[in-house]
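Trainee: Could we go through this model together? I'd like to know what backs up each label we put on it.

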Amino acid sequence: MSLPRIRRLFIANRGEIALRIIRTAQKMGITAILGVSEADRASLPARLADETVVIGPAPSVHSYLSIPAVIAAAQAARADAVHPGYGFLSENAAFARAVGDAGMIFVGPDVASLEAMGDKLMARRVSAAAGLPVVPGGEAEDTDAARRVAETTGYPLLLKAVSGGGGRGMKRVDRPEDLDSQIAMAMAEAEAAFGDPRLYVERFIARGRHVEVQILGDGQRAIHLGTRDCSIQRRFQKLVEEAPAPNIPVDKHQAILDAAVRLATHLRYRGAGTVEFLVDAERFDFYFLEMNARIQVEHPVTEAVTGIDLIEQQLLIADGQPLGIPQEMVRIAGHAIEVRINAEDWRRDFRPSPGTATVAAWPAGPGIRVDSHIASGGVVPPHYDSLMGKLIVSAATRGEAVARLAGALDGLRIEGLPSTADLHRAIAADPRFVAGGVDTRFFEGMADG
Amino acid sequence: MTDLPLTPEDVADIVAILDGSGYDRIDVTTARFRLRVARDGEGWTQEWDFSAADVPAVAEPAPAAALETVPEGLTAVRSPLPGTFYRAPQPGAAPFVAEGDAVTADTVVGIVETMKLMNPVHAGAAGIVSAILAENAAPVENGAVLMHLAPA
């Protein structure tokens, strides 16, 4: 199999997702070219790529976040297309436009979709126009504006980066007197992570579940690939994800899927995307949160229950082909769970712990998948996020998947730096998790959280 | 060049073969990699090692501020983790503290950015900031001395 247009793919990312994209590209007969920073020259993805190009020094502002540096490297490598992965420039409309202007294909949605969903305020307007319910809130460019919006939402509230995603720059504020200091920190993080300090202020719904829908669209038609539940989070960073979302009444579950498809259809969406909802944990009413116009970290759980390779679908759609999968062909079989193994000292307030994994022994066997760029001796540099790898288990039922997760975690051994591995052992043994359908306060309820 | 010869599917096949045999582990070492697949309780583990493989080492720039001794009578404010030190909450803003400022243990005197997270640095003790040793935006190691405090 080969694609008519995409023969040389430039991967503008690093870590496990770079490795993940390289694997599918090579399977499809596409030459995988990896752009690396100086810090990642000896990384596992750099070893596995067909070609590597150095895009800049270690700090991401000069490498993975630098539009001119990435475009220049992709052009020098004679790439036909650029896959941005997640994070970094993946949802940056200016980057998508620059890729197109340089005569290459951006593996992602149209610039119009990126602009509509990249700005939280516009995303709300568009989704409300598509008939989706939204949570009260508004945008704030500075502290004064944030205070004014806070008066309308009340407390507790959430501060989010307008250009953000993946929980970066998100802060919960419980009392008015904490607002100013939290805004300063949130704006600094938003600026550092996305180059845009603007914030979005939103009412915080306490007893909620985070449920999202995987979407594929070709610009004409959109389908869903089922739900994922990502309610186990700490400070809005997802820790555990599963597919499908458990213990939601069938009619409500279907309404969530339908709403996501309605939004993707309204946008004439092209590519893979995720529509995120906040779901009331008791009544199962749901509100649109945001749409991530990219591949997600947790995409493997959807792949495990549908058997569909999402990176392959992204590449096929980017190549200009119509969706080859009708909705009725999408069958959700079994249950899958993913846990994120991060280089963080979770007993010390999840302190980031870059360093070298002297031993990285990952689980193996039936129903177990490991997406990781960290082998024994692998380096986790301090310049980037702390994700070392993802352990994904799948089985015929949720109960069997939970048991398989516990068994796999027993064998997982990371030495040389602290990791979240044993935190996940505690989660896998928690009766609330075993029962399924926990809300986003789950983590606060864990001993020593 | 692709020099990783085994896919995850290959590893799954190796596990299946081992599982049907009487063996508990396999250890494959080549010039390019070492792979150990071993039985672990009910399940299996895979351990890859490329550290002996022939890949040019990349030199990292040495962090500017390193561990150092603290003059008698002064207290050190140390970086709580490795990262990039910032004196102000954002570019162009006033620094958290200047030399001569009085601080308490809880005063935020700077930020260390690690893995995209902004971590506040607290003075840790009451006193007067007598010297700021770390440059703004400089890489710092865990425990590096950022400032000196003199008794108030």
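Trainee: What makes β19(A) and β3(B) count as paired strands?

Mentor: Keep in mind that this is a predicted model. Strands pair if DSSP finds at least two bridges between them. Between β19 (residues 359-364) of chain A and β3(B) there are four bridges, in the antiparallel sense, so they count as paired.

Trainee: Why is α12(A) called roughly antiparallel to α13(A)?

Mentor: The two helices, residues 398-411 and 421-429 of chain A, pack at an angle of about 150 degrees, with axes 9 Å apart. Angles over 145 degrees count as roughly antiparallel, so α12(A) and α13(A) get that label. Their crossing is left-handed.

Trainee: Which residues meet there, α12(A) to α13(A)?

Mentor: Val402(A), Leu405(A), Ala406(A) and Leu409(A) come from α12(A), and they meet Ala421(A), His424(A), Arg425(A), Ala428(A) and Ala429(A) of α13(A). That contact divides into seven nonpolar residues, one polar and one charged.

Trainee: Now the eight-strand sheet of chain A: what makes β14 and β20 its edge strands?

Mentor: The order is β14-β13-β10-β11-β12-β15-β22-β20 in an open sheet with antiparallel pairing. β14 (286-292) and β20 (368-372) of chain A each pair on one side only, and that makes them the edges. Neighbouring strands are turned by 25 degrees against each other on average, direction ignored.

Trainee: How do you know that β11(A) and β12(A) are paired within it?

Mentor: Same test: at least two bridges are needed, and DSSP's count for β11 (residues 222-234) and β12 (residues 237-243) of chain A is four, antiparallel. Arg234(A) has Gln237(A) as its bridge partner in β12(A).

Trainee: What does helix α1 of chain A touch on that sheet?

Mentor: α1 (residues 15-27) of chain A touches β20 and β22 of chain A, and its direction makes about 55 degrees with that of β22(A).

Methods
Residues are numbered from 1 along each chain as its sequence is written. Chains are lettered from A and ligands numbered from 1 in the order in which they are written. This is a predicted model: local features need pLDDT of at least 70, side-chain atom pairs count only at pLDDT 80 or more; totals for chains, interfaces and linings use all residues. Axes are lines fitted to C-alpha atoms, for helices over the stretch in contact, and angles run from 0 to 180 degrees between N-to-C directions. Angles under 35 degrees count as roughly parallel, over 145 as roughly antiparallel, 65 to 115 as roughly perpendicular and the rest as oblique. A crossing is left-handed if the near helix is turned anticlockwise from the far one by less than a right angle, and right-handed if clockwise. Two residues are in contact if their C-beta atoms, placed from the backbone, lie within 7 Å. Ala, Val, Leu, Ile, Met, Phe, Trp, Tyr, Cys and Pro count as nonpolar, Asp, Glu, Lys and Arg as charged, and the others, Gly among them, as polar.
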